[in-house]
Amino acid sequence: MIYLDAAATAPARREVLEEMWPLLTTTFGNPSSHHTYGEAAAAEFSRARSRIAALLGCRPSEIVFTSGGTEADNLALKGMALAAPRGRHIVTSAIEHPAVLEVLDHLRRFHGFRITVLPVSRTGLVSPAVLGDALEDTTTLCSVMYANNEVGTVQDVAALADVCRRAGVPFHSDAVQAAGWLPLDVGRLGVTALSISGHKLGTPKGIGLLYLRAGTPCEPVLHGGGQERGRRSGTENVAGAVGLARALELAQGSLPGVAVTAATARDAFIAAVLQGVPGAILTGDAEHRLPNLASFCFPGVNGEAVLLELERRGVVCSSGSACAAGSTEPSAVLLALGLDEETASTAVRLSWTQGTPEGDLEVAAQAVVASVRAVRSLGAAHPDGSFAEA
């Protein structure tokens with residue numbers, strides 16, 4: 001079986017698990033405890049924070065460990081918005097992850113914030129000029145993701161952050177998909193806050209982080225014992241933090257070489273599918289794109305049927321985000337790119353890890369072509385997912 005759903009989650013890396021193991025078995029103490037076990041765990045926790053800070057180009061004190069990307073987004077947006085409302089106006093894009101859009105809807109409904117949603121181009125890009133026009137003297141903050149989880153479009157985060165900096169507006173970016181493939185130096189990116197999730201990088205699920213620039217007001221979302229300098233209460237996940245440090249070192253340390261190689265394989269994959277499937281549509285930006293993600297719409301073919309046929313042929317992938325649990329609605333991201341509902345319902349997304357063999361992608365491309373042909377042979381797909389006889 002070829003696994004091509006890394007954008008949903010990646011398998012845990014052996015090197016990561018091996019480094020985590022002592023923190024689960026021998027150095028297992030609560031880092032807030034003042035005894036030998038607790039102090040040993042606290043030392044490892046501190047080292048993990050420093051290792052990650054070195055990779056992001058920030059101070060260790062600017063790292064806040066969370067349970068994952070969703071909590072990091074919640075802390076960034078609720079935390080900054082409620083700590084310094086400044087007019088209760090927030091700017092975001094139309095293709096953000098639900099962990100951003102749902103938080104902003106909460107702030108709108110319960111705290112009276114106005115939300116400006118920026119349109120995107122047909123390939124998913126946010127214009128710095130359009131962003132600049134949307135900012136107001138009283139804008140509280142702006143949030144635009146680094147790389148989209150459904151179509152792979154990569155934003156010029158540095159340019160967008162610079163627009164906000166010149167307007168005095170804090171800028172947050174969800175970098176969950178970007179981590180491991182794109183540069184994460186927060187100084188060069190110019191971000192105020194940045195969210196990362198471990199399980200996309202090879203850690204077990206349940207660990208993430210928020211980079212929060214020193215001096216940025218932030219109201220905690222979780223209250224309790226005051227851990228993480230009062231920004232995120234709860235007993236610290238020391239093993240997870242150590243695992244995240246190792247996963248980031250492995251992933252970011254292989255850049256840019258591995259990204260260049262992956263992008264070459266990605267382009268060959270995309271070309272094979274577009275050539276083999278007449279009428280196939282590549283979604284997202286062809287140039288400004290994650291090296292490990294290819295996404296398509298196949299008009300006239302039910303996307304879920306293609307997924308089932310692909311799995312029957314030994315390839316596992318998805319129709320888009322795994323985070324809209326149970327949703328049968330067309331992707332909001334694809335609709336924002338200008339696709340109609342019927343076309344959006346034909347989406348297929350394939351994504352892989354740094355360790356995916358190039359040969360697997362070649363096999364998978366052939367499987368995509370064969371699967372779409374097989375489904376098309378059954379007849380045109382109705383909107384309800386059923387098939388008419390050919």
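**Working through the model**

Q: First off, what kind of model is this?
A: This is a predicted model.

Q: How many helices and strands does the protein chain have?
A: The protein chain has 13 helices and 12 strands.

Q: And what is the radius of gyration of the chain?
A: The radius of gyration is 21 Å. The globule rule gives 21 Å for 390 residues, so the chain is as compact as a globular protein of that length.

Q: What does the C-alpha trace span along its principal axes?
A: About 70 × 50 × 35 Å.

Q: What percentage of the residues is buried?
A: Of the 390 residues in the protein chain, 53% are buried.

Q: What about the accessible surface?
A: The accessible surface comes to about 16,200 Å². Carbon and sulfur atoms hold 54% of that area.

Q: Contacts next. Of those between residues at least 6 apart in sequence, what share joins residues at least 24 apart?
A: That share is 75%.

Q: Switching to rings. How many aromatic pairs are there?
A: The structure holds five aromatic pairs. Take F45 and F65 as one of them. Their ring centres are 5.2 Å apart and their planes meet at 40 degrees, so the pair is tilted.

Q: Where do F45 and F65 lie?
A: F45 is in helix α2, residues 36-56, and F65 is in strand β2, residues 63-66. They are 20 residues apart in sequence, so the pair ties together separate parts of the chain.

Q: Are those two buried or exposed?
A: F45 is buried, with a relative accessible area of 6%. F65 is buried too, at 5%.

Q: What about the pair of F269 and F296?
A: The F269 and F296 pair is tilted, at 6.3 Å centre to centre with 40 degrees between the planes. The pair links distant parts of the chain, with F269 in helix α9 (residues 257-276) and F296 in strand β10 (residues 293-297). The two residues are 27 apart. Both F269 and F296 are buried.

Q: Which residues are in the cluster with F269 and F296?
A: Ring pairs link F269, F296, F298 and W352 into a cluster.

Q: How many bridges join β10 to β9, and how many to β12?
A: Two bridges join β9 to β10. β10 and β12 pair over five bridges.

Q: Which bridge partners can I look up?
A: L282 has F296 in β10 as its bridge partner. S295 is partnered by R349 in β12.

Q: How many residues of β10 are buried?
A: Five of its five residues are buried. L293, S295 and C297 point one way from β10, while A294 and F296 point the other way.

Q: New topic. What sense do β3 and β4 pair in, parallel or antiparallel?
A: Strand β3 (residues 89-93) and strand β4 (residues 114-118) pair in the parallel sense over five bridges. I90 stands opposite I115 in β4.

Q: How does the chain cross from β3 to β4?
A: The chain goes through helix α4, residues 98-111. This β-α-β crossover is right-handed.

Q: Now the backbone. Which peptide bond is cis?
A: The bond from L255 to P256 is cis, with omega near 0 degrees. P256 is in the loop between α8 (238-253) and α9.

Q: What about the phi of R86?
A: R86 has a positive phi of about 40 degrees, although it is not a glycine. Most residues other than glycine have a negative phi. R86 is in the loop between α3 (69-83) and β3. R86 is partly exposed, with a relative accessible area of 32%.

Q: And R229, where does that lie?
A: R229 lies in the loop between β8 (208-212) and α8. Phi of R229 is near 60 degrees, again a positive value in a residue other than glycine. R229 counts as exposed, at 66% relative accessibility.

Note on methods. Residues are numbered from 1 along each chain as its sequence is written. This is a predicted model: local features need pLDDT of at least 70, side-chain atom pairs count only at pLDDT 80 or more; totals for chains, interfaces and linings use all residues. Side-chain values use heavy atoms; hydrogens and water are left out. Rings of Phe, Tyr and Trp (its six-membered ring) pair if their centres lie within 6.5 Å; planes under 30 degrees apart count as stacked, over 60 as edge-to-face and the rest as tilted. Helices (H or I, at least four residues) and strands (E, at least two) are DSSP runs, numbered from the N terminus. Buried means under 20% relative accessible area, exposed over 50%, partly exposed in between (1.4 Å probe, protein chains only). Two strands pair if DSSP finds at least two bridges between them. A crossover is right-handed if, with the strands pointing away from the viewer, the path from the first strand over the helix to the second runs clockwise. The radius of gyration is taken over C-alpha atoms; the globule rule is 2.2 Å times the number of residues to the power 0.38. Contact means heavy atoms within 4.5 Å. Accessible areas come from the Shrake-Rupley method with a 1.4 Å probe; for residues, only the protein chains shown count as cover.
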